[in-house]
Amino acid sequence: MSVQRWDVFCRVVDNYGDAAVCWRLARQLAGEHGLTVRLWSDDLGALHKLNPRISSEAAEQQVEGVDIRQWQALENPGDYDAPDVAIEAFGCGLPEACMQAMAQRRPSTLWITLEYLSAEPWVGTHHGLPSPHPRLPLQRYFFFPGFEGGTGGLLREPGLLERRQALQRDAAARKRFWETLGFAPPQDGALTVSLFGYENSAVAHLLEIWAAGGHPVVAVIPPSRLRPDVVAFFGVNEPADGTKQIRGNVEARFIPFLPQPRYDELLWLCDWNFVRGEDSFVRAQWAARPLVWHIYPQQEGAHRAKLNAFLDRYVECMEPGLAASLRAFWQGWNGGPPELMAGAWEALAAHGKALEDHSLAWSSKLAGMGDLAGNLVQFCRSKVE
């Protein structure tokens, strides 16, 4: 059985995160592995934001080797041409007619449920397990991204780490990056931070810490659900992109939504990165800078187990006092008592070099696991040989 033709199914739930992961995966499968890939999405507007070459309205289009289709076409699929491999992203569910076509195909389509990222201990034991369909004769398997061997790893395209290093070493390129956003490069000695997240009342406490501190902070604010909370702190109307607000020692720079490659560059050029969800969380780890994760809140605090599981792995080789400060800060940022953040930030800021070294070592460790797209292709081939 061939594994040449792939369909990736994506329903957008968490703003841009689901679309971002699916677009990265589809693009890498096509570009790096030479596969024929269709991406079915119910929100082409989100894809357009991530890559302006993608039309938000076209019924069919091809961008960077990926055939992009509107999910709505599956509501009346007619003669749906079932692929060799179907990727159901994040349990989005597949239309009944598609499943029937996949089952009737000879050989039947290999069905992979790509799960959400988690560092919880059970992930490694569930990765790759079969999940028989209750009605249809389909091979279906769970595929878990993860932070350790025995999982699917993380998405990482070829040459990413080398491009990061090249930009960080090129002063002229760094200057051009800031100028294209309407700003001069941050002054020497300023701490540069990207702020991207969900709604979060703790941001006022954080900005006050920076404003009253003795060290200049440049906070870069792309559009997100966190941005209105930042605007409220400065007591102004929504600022135009390319403008800034200053209060005490904190300067907030408001920037437009950045396509994926440009957002990577922002992460590479900041000293700290506040990120959310899954996609920006992973990209911040490849940036090899200290980071703070705003995990997607779930009912009854179910997200806290995932947050703590990641922290357990992330601080494993960190000096105990520094690890405790990082834990306290992350907890304050994720709905814990916000007063935890002040003392924790002071301790973290005093150990910037140690945190940078830890972030670089963590990124290198993850890179040694291979990447999710390559691991997924290998997994699928092993199931049809």
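I began with helix H6, whose buried residues are Ala173, Phe177 and Trp178, buried here meaning under 20% relative accessible area, exposed over 50% and partly exposed in between, with a 1.4 Å probe and protein chains only. Seen around the axis of H6, these residues cover an arc of only 135°, which puts them on the same side of the helix; the arc is that of the directions from the helix axis to the C-beta atoms.

Before going on I noted that this is a predicted model, in which local features need pLDDT of at least 70 and side-chain atom pairs count only at pLDDT 80 or more, while totals for chains, interfaces and linings use all residues. Residues are numbered from 1 along each chain as its sequence is written, and side-chain values use heavy atoms, with hydrogens and water left out.

Helices (H or I, at least four residues) and strands (E, at least two) are DSSP runs numbered from the N terminus. I looked up what the buried residues of H6 pack against, and found H5, strand S8 (191-195), S9, S11 and H9, where contact means heavy atoms within 4.5 Å.

**Entry: helix H5.** I then turned to H5 (residues 160-169), where Leu160, Leu161, Arg164 and Leu167 are buried. Down the axis of H5 these buried residues fall within an arc of 125°, so they line one face of the helix. For the pattern in general, I recalled that an α-helix has 3.6 residues a turn, so residues three or four places apart point the same way. The exposed residues Glu162 and Arg169 sit on the face of H5 turned away from its buried side. The cover over the buried residues of H5 includes helix H6 (171-180), helix H9 (260-269), helix H10 (279-287) and helix H14 (352-367).

**Entry: H5 against H6.** At what angle do the axes of H5 and H6 cross? I found that they come within 5 Å and cross at roughly 90°, the axes being lines fitted to C-alpha atoms, for helices over the stretch in contact, with angles running from 0 to 180 degrees between N-to-C directions. H5 and H6 are therefore roughly perpendicular to each other, a label given to angles of 65 to 115 degrees, whereas those under 35 count as roughly parallel, those over 145 as roughly antiparallel and the rest as oblique. In this contact Leu167, Gln168 and Arg169 of H5 meet Ala171, Ala173 and Arg174 of H6. By class, the contact of H5 with H6 has three nonpolar, one polar and two charged residues, with Ala, Val, Leu, Ile, Met, Phe, Trp, Tyr, Cys and Pro counted as nonpolar, Asp, Glu, Lys and Arg as charged, and the others, Gly among them, as polar.

**Entry: helix H10.** Just after H10, alanine 288 takes a positive phi of about 60°.

**Entry: the sheet with S9.** This open sheet has six strands in the order S10-S11-S9-S8-S12-S13, with mixed pairing. S10 and strand S13 (291-294) stand at the edges, each with a single partner strand, so one side of each is left without a neighbour in the sheet. The twist averages 15° from one strand to the next. S10 (residues 243-247) and S11 (residues 250-254) pair in the antiparallel sense over five bridges, two strands being paired if DSSP finds at least two bridges between them. Threonine 243 has phenylalanine 254 in S11 as its bridge partner, and in the hairpin of S10 and S11, with two residues between the strands, glycine 248 takes a positive phi near 60°.

Is valine 220 buried or exposed? Valine 220, which lies in strand S9 (residues 217-221), is buried, with a relative accessible area of 0%. Leaving aside neighbours within four places in sequence, valine 220 is in contact with residues including Trp178, Val193, Arg253 and Leu266.

**Entry: the seven-stranded sheet.** Another open sheet has seven strands in the order S3-S4-S2-S1-S5-S6-S7, with mixed pairing. Strand S3 (60-63) and strand S7 (139-143) are its edges, each with a single partner strand, so one side of each is left without a neighbour in the sheet. I also noted that S1 (residues 5-10) and S5 (residues 85-89) pair in the parallel sense over four bridges, with valine 8 opposite isoleucine 87 in S5.
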